[in-house]
Each structure stands twice: as C-alpha cells, then as structure tokens.
Amino acid sequence: MKKTPGPDGVLASPGRRSLLKAGLAAGGLVATGGFSRASEVNPDNLPPNVADWSRYLGAGVDAAPYGMPSEHEAHVVRRSVEWLTASRESSVNFTPLHELDGIITPNGLCFERHHSGVADMNPTDFRLMINGLVETPLVFTLEDLKRFPRENRIYFLECAANSGMEWRGAQLNGCQFTHGMVHCVMYTGVPLKYLLEEAGVKTNARWVMPEGGDSAGMNRSIPLEKALDDCMVAFKMNGEALRPEQGYPARLVVPGWEGNMWVKWLRRIEVGDEPWHAREETSKYTDLLENGKARRFTWVMDTKSVITNPSPQAPLLHSRGQTVLSGLAWSGNGRITRVDVTTDGGRNWHQARIDGPSLPKALHRFYYEFDWDGSPLLLQSRAYDDAGYVQPTKNELRAARGTNSIYHNNGIQTWEVKADGSVENVEIS
Ligand SMILES: Nc1nc2c(c(=O)[nH]1)N[C@H]1C(S)=C(S)[C@@H](COP(=O)(O)O)O[C@H]1N2
Ligand SMILES: [Mo]
C-alpha cells in the first residue's frame, strides 16, 4: 500500500476503503448511534405501563464514588485509527464530536496526542524550572504555583494536523476522524506572565521555550510577547485536576495557537533571545508549499467550522420533516461572529443560530433548524470571526498553499446526506 505523510508526519495510507476496513476492525467508523437502540424497544416499559425502573429502588449513593456515564452511552468514546501510526505511544485519538453538545468537552473525551506516551508524573516531585535570560532562575513546586493569583478561562485546543488527511480529498468517514483533534475546556491556572515577572525577564529576552517532562521532552519556541499576553500554566480542567493524558499535573495553555505548543507535563521554561528551532518547528509543523519553500511559525489556528450532526457517524434516523442541524465553529483570532450553513452544496446559504457562550478562542455551538423534504442534501458550514476572517473553501486553500500540506487545513467540509438518511464525506469544492 502506498504511504503518504499523515497527521504530525506519521505514516498513513490514503483511501477510504482501507480506512473503512481499519475502522470496522476497530469497531469504530460505522454509525453506532440509534439503529440498534431503536430496534430494542421493550413495549412493557412504554406508557401506559409502569416501566422497569419505576418498580424497584435504584443503586444507592457511593455506588460510583467517581461517577461514570450511563452504560447506554458506552459508544461515546475517543477512537483512534489503527493504521495511522506505527506505535500507540506516539499516536493520536479523536474526540467524538458527533456525540457532544454545547461548547465544553468532557474531560474523559478530550482527544489525546502524545509523542512518547502519557508521562506518569508525580505531583509531589513535580518541579517547574524557569531559567535562561532571567535575573533569578527559579524552581516552583505545584504548591508554589497555587500561591499566585489564579484565572479561569475557556479555550479550544486544536492540533495543527486536525483535518490534515483531508488536504487532497475526502478521506475519513466521520467528523470524529476529520475534525476530532480539537477539545475545549475551562482551565484554571496561573498567567505565565506572573511566573516570568517573578524570575525577572532580562531586557534582551525575546522568546521562551516550554519543555515537557515526558521522555520526548517536547519543546517549542514561543515569542515572549505571546507568553506575556495570554499564556497560562494550568493545573485544572473543567474544575478538576488535569487528566494524566492532558499533562497532569501542569500544562502550558497557549490560547488560539496550535496544540503542539501547549506543552504537557511541563518541567522547564527557558527564556532566550532567539527561537530554538526545535524538531517540532522545523521537521514538523511546517507547511511545504508548491514552490518547495515551507511556511514556518504558523501558530494561529485559523477560522474553522464543522457540522457535527448530521455527519457520517450520526445519520438522520427520522424521515422527512423537522430536522436539527448542529455544529462547532472556532477561531484562534478571537470570537466567531457568524456561521452560515447550506443544505444544497452552496447554492443557498442560511445564517445559523449561535447558542451558548461566545468566548474568544473557544468553541462556539451553532444550530440550524429546517424541514427536510427527504431528498439528498449537501451540507456545508462557513465561519466568520471578529478579526474579519472567513473560512475558505478547500480549493481556495489549495490555490494558496498547494497540495503538499498537512497542517492548518481549515477548509469547508461537505457531508452528503442520502435519501435514506445515511451520510458520507464528499468533496464538491
Ligand atoms: N510534553 C508533551 N506535550 C505535548 C505533546 C507531547 O507529546 N508531549 N503533544 C502536543 C501535541 S502535538 C498536541 S496537539 C497537544 C495535544 O493535547 P491533548 O493530548 O491534551 O489533546 O499536546 C501537545 N503537548
Ligand atoms: Mo499536535
């Protein structure tokens, strides 16, 4: 099988057929919602009968000291694509976007991207060192961090390789796989600015380099200006300690910028006057253009959106009539001001309804309610942000950047809804 570079430069084989096979083997890609559950209706539970669950006492408190989702939600899980990466430790799995609503991703469903597995960091032995061009090199414990003023902020994190497999054409059948390298949680942490001020940044300092405590020692160069602006060292997500997968006990938050820079299991921040040209900003996370040159330091995650329902893993299960379309939009520049959707492949556009908080550099939830006449649809969404950016078509992206790219694909996604309600990933622009 021919191999082409996939997300994060790992090897991947193109072609939906091979993917479908892999998906089937992993029990993943085929629509899991609805059909089976609908066929298992027990008439004894339906009105006017008294349902099973109304006849007996339920489980008592503490049956689950740490609560878990209902057993009926067992299909709502992160999924990976087996053939995408050579190992499990340097790999990725995907957020089940088609199963979620609102703008917050539950902690257990945030996609994972590791270069050397989940570091098993002990909070007692956690240390964060700040060194380099500072007046006083410092080493903080976790307790030290918690004595600085804390902030709570909601941000999306998107891997720059999200949708990377889709550059050349429709490929993966499900928004979990095409767009699931994104999550959005509320972080609690300390603005990086306070820690840098404590160490005293020297006047010739221009860059910082966060470094991870995993065996990959992942590191990136970040301009000092961004570090002092809105970066934070976070130790909580959605109110509880970071999950081990997300960098427990502390990770860097780099709002609106590519996920790779959000160093997990943070152990050191060096301050310098030049970028470090680390592996992840030279060999990886650069975009090879048609003329042989590569774009570098493409930090901001561009304006993007995707329809999560209906989508290939979430087909329409009802017949014609009242239908709810739903999706997500986000921009590394700021707020989403508007999302348009089309059901006829772009002939007519309708303004969708954004519902829930509209926060800068966070996911936005949109809805479009319409009457489905039962005929096939070509669904697309197009997002606008408050910096004036409009989400491009995939052809516009290719015209600007060629077909060698993997990272930073924010092109408009198309889903084809068939008359039977099933949905497929297609490309029309
Ligand atoms: N230390 C360390 N930090 C890391 C990584 C890593 O492998 N090691 N992966 C990066 C990449 S490529 C991404 S996209 C994000 C993913 O964050 P998540 O696993 O919380 O989704 O973490 C980044 N931070
Ligand atoms: Mo990434």
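The report below takes up the domains, then a sheet, then the ligand.

This is a predicted model, in which local features need pLDDT of at least 70 and side-chain atom pairs count only at pLDDT 80 or more, while totals for chains, interfaces and linings use all residues. Residues are numbered from 1 along each chain as its sequence is written, and chains are lettered from A and ligands numbered from 1 in the order in which they are written.

An automatic or database domain assignment divides the protein chain into domain 1 (114-295) and domain 2 (304-426), whose centres, taken over C-alpha atoms, are separated by 29 Å. Domain 1 gives 27 residues to the contact and domain 2 gives 25 residues, where contact requires C-beta atoms, placed from the backbone, within 7 Å. On the side of domain 1 that touches domain 2, the elements giving two or more residues are β7 (151-158), α4 (175-179) and β15 (287-288); the largest share, 4 residues, comes from α4. Helices (H or I, at least four residues) and strands (E, at least two) are DSSP runs, numbered from the N terminus.

An open sheet of mixed pairing has 5 strands in the order β6-β5-β14-β9-β10, with pairing taken to need at least two DSSP bridges. Because β6 (138-140) and β10 (222-223) stand at the edges with a single partner strand each, one side of each is left without a neighbour in the sheet. Strand β5 (residues 128-132) pairs with β6 in the antiparallel sense over 3 bridges, and Met129 has Val139 in β6 as its bridge partner.

Ligand 1 is surrounded by 21 residues, of which His115, Cys159, Gly212, Gly259 and Lys264 are the closest; a residue counts as near if its C-beta atom, placed from the backbone, lies within 6 Å.

Note on methods
Contact = placed C-beta atoms within 7 Å.
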